[in-house]
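We will go from one selection to the next, and each stop says what to look for.

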Amino acid sequence: MSIASVETAQLVEVGGPPPVLLTVEEAARCLRIGRTTCFGLIRTGELESLTIGGLRRVPADAPAAYLARRRAEQRAA
């Protein structure tokens, strides 16, 4: 089980379906970063997000994708 799926599992209500979208705060918690830093990653396009109505949401798989890209970048350096 990946880190992202462990964190996402903790966000799910008991017996409920896994979330498809996370709030920015939930995504920040998954990444163990602050809310402001998470918004910064969204603003620069490093972390995928979308707006639904007036709400900013992060796809549940986006934190894991961000980490995978960062790890690949660091290995290449």
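Start by selecting Arg35, which is partly exposed, with a relative accessible area of 47%. Keep in mind that this is a predicted model.

Arg35 and Glu25 form a salt bridge, and their closest N and O atoms are 2.8 Å apart. Colour by secondary structure and you will see that the pair links distant parts of the chain: Glu25 belongs to helix α2 (residues 24-31) and Arg35 to helix α3 (residues 35-44), with the two residues 10 apart. Glu25 has a relative accessible area of 37%, so it counts as partly exposed too.

Next, move to helix α4, residues 62-76, and pick Arg70 and Glu73, which sit 3 residues apart, about one turn of the helix. Their side chains meet in a salt bridge, at 3.9 Å from N to O; the cut-off is 4 Å, so this pair falls within it. Both partners are partly exposed: Glu73 has 49% relative accessibility and Arg70 has 32%. With this pair, the count comes to 2 salt bridges.

Finally, zoom out and show the whole chain as a cartoon. Of the 77 residues, 26% are buried.

Terms used. Residues are numbered from 1 along each chain as its sequence is written. This is a predicted model: local features need pLDDT of at least 70, side-chain atom pairs count only at pLDDT 80 or more; totals for chains, interfaces and linings use all residues. Side-chain values use heavy atoms; hydrogens and water are left out. Helices (H or I, at least four residues) and strands (E, at least two) are DSSP runs, numbered from the N terminus. Buried means under 20% relative accessible area, exposed over 50%, partly exposed in between (1.4 Å probe, protein chains only).
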